[in-house]
Amino acid sequence: MKRRDFVGSVSSIATGVTVLPRSVWSRSASNRIVTAIIGIHDRGMDLAEELAKRRDVEIRYLADPDSNLFSERQKSIEDWSGRKPRCVQDFRRVLDDPEVDAVAIATPDHWHALATIWACQAGKHVYVEKPVAHNIHEGRRMVEAARKYDRIVQVGTQNRSAEYIRIARDKVRSSEFGDIHFVRVVNSKKREPMPKLPDEPTPDGVDYDLWLGPAPNRPFNPNHFHYTWHWFWEYSGGDIVNDGIHQIDLARWLSGKRYPKTITASGGDLYFRDEHETPDTQSVLWEFDDMLMVFEQT
């Protein structure tokens with residue numbers, strides 16, 4: 001595509017990061033979209049690397065409650081882009097900057113809703129990692145905020161961008177394929193056991209109160225922090241929303257179904273039998289008017 005057409009479009013690249021419309025582009029200094037990465041421990045840096053390599057993007061801020069990450073992450077952005085971002089622990093300082101056009105949110109799941117809603121209220125466009133939110137109620141509030149403040153909000157179920165998925169979609173929806181009555185979704189991931197660890201003092205440089213945010217207050221525990229938060233109900237829903245959501249999203253998209261009549265789910269910590277709260281083994285059945293979809297996670 002020609003640069004002018006590319007800049008003016010609202011489309012997505014392979015990473016799932018939205019290209020903002022021309023009205024946003026024109027506000028940015030030096031024809032760059034000014035962005036901030038909120039949450040930089042893991043996935044946020046994957047997004048940052050893709051954005052930092054683009055000449056039409058400026059990563060102005062990195063935000064994370066763990067300031068111990070700042071030095072290394074800041075240097076990586078500078079190496080990729082030639083510009084050193086500012087680092088802040090409280091991402092609300094990012095929202096105070098009127099020159100920030102968009103934010104990429106890669107926080108733990110329990111922060112997705114508030115971060116998205118506050119960003120929309122501050123006039124920022126949003127890319128937020130999957131899952132949309134911690135629960136359905138939060139997801140509805142996020143949609144309402146995007147509509148009320150007229151913001152672009154994109155969620156990171158990136159597999160839809162793959163060419164082979166679009167080919168599969170067209171094949172499945174063709175007349176020669178026929179009607180779909182049963183779908184099986186399989187997800188199998190290698191995980192390490194999580195031994196029980198005692199609470200301990202909050203590490204220097206970590207604002208754990210901010211990290212907990214809307215979750216219940218508790219003493220610092222390494223299991224309730226970087227990455228292992230996935231396996232506790234207060235912050236997430238386990239592997240069905242950590243990874244299984246990608247396959248579930250594709251199955252629902254390809255089948256063309258919207259809302260099921262009933263949902264039945266069962267499972268538990270059947271393999272590890274350790275500190276996990278969310279299931280390591282799970283089965284979910286969605287019943288639609290004319291189709292069953294089964295999710296199996298091991």
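Author: A residue is called exposed here when its relative accessible area is over 50%, and buried when that area is under 20%; the model to which these words are applied is a predicted one.

Reader: Which residues of helix H4 are exposed?

Author: Helix H4 covers residues 70-81 and reaches 16 Å from its first C-alpha to its last. Phe70, Arg73, Gln74 and Ile77 of this helix are buried, and seen down the axis of H4 its buried residues fall within an arc of 100°, so they line one face of the helix. On the other side of H4, the exposed residues are Ser71, Glu72 and Asp79.

Reader: Against which elements do the buried residues of H4 pack?

Author: The buried residues in question are Phe70, Arg73, Gln74 and Ile77. They pack against helix H3 (43-52), strand E2 (57-63) and strand E3 (86-88).

Reader: How many of the residues of E2 are buried?

Author: Strand E2 pairs in the parallel sense with strand E1 (residues 33-38) over six bridges, and Thr35 stands opposite Ile59 in E2. E2 also pairs in the parallel sense with E3, over three bridges. E2 is largely enclosed by the rest of the structure, because the number of its residues that are buried is seven of the seven.

Reader: What is the handedness of the crossover from E2 through H4 to E3?

Author: E1, H3 and E2 make a β-α-β unit that is right-handed. The chain then crosses from E2 through H4 to E3, and the handedness of this β-α-β crossover is right-handed.

How values were computed. Residues numbered from 1 in each chain as written. Predicted model: local features only at pLDDT ≥ 70, side-chain atom pairs only at ≥ 80, totals over all residues. Heavy atoms only, no water. Helix = DSSP H or I, 4+ residues; strand = E, 2+ residues; numbered from the N terminus. Expected span 1.5 Å × (residues − 1). Buried < 20%, exposed > 50% of the residue type's maximum accessible area, 1.4 Å probe, protein only. Arc of directions from axis to C-beta. Contact = heavy atoms within 4.5 Å. Pairing = 2+ DSSP bridges. Right-handed = clockwise from strand over helix to strand, strands pointing away.
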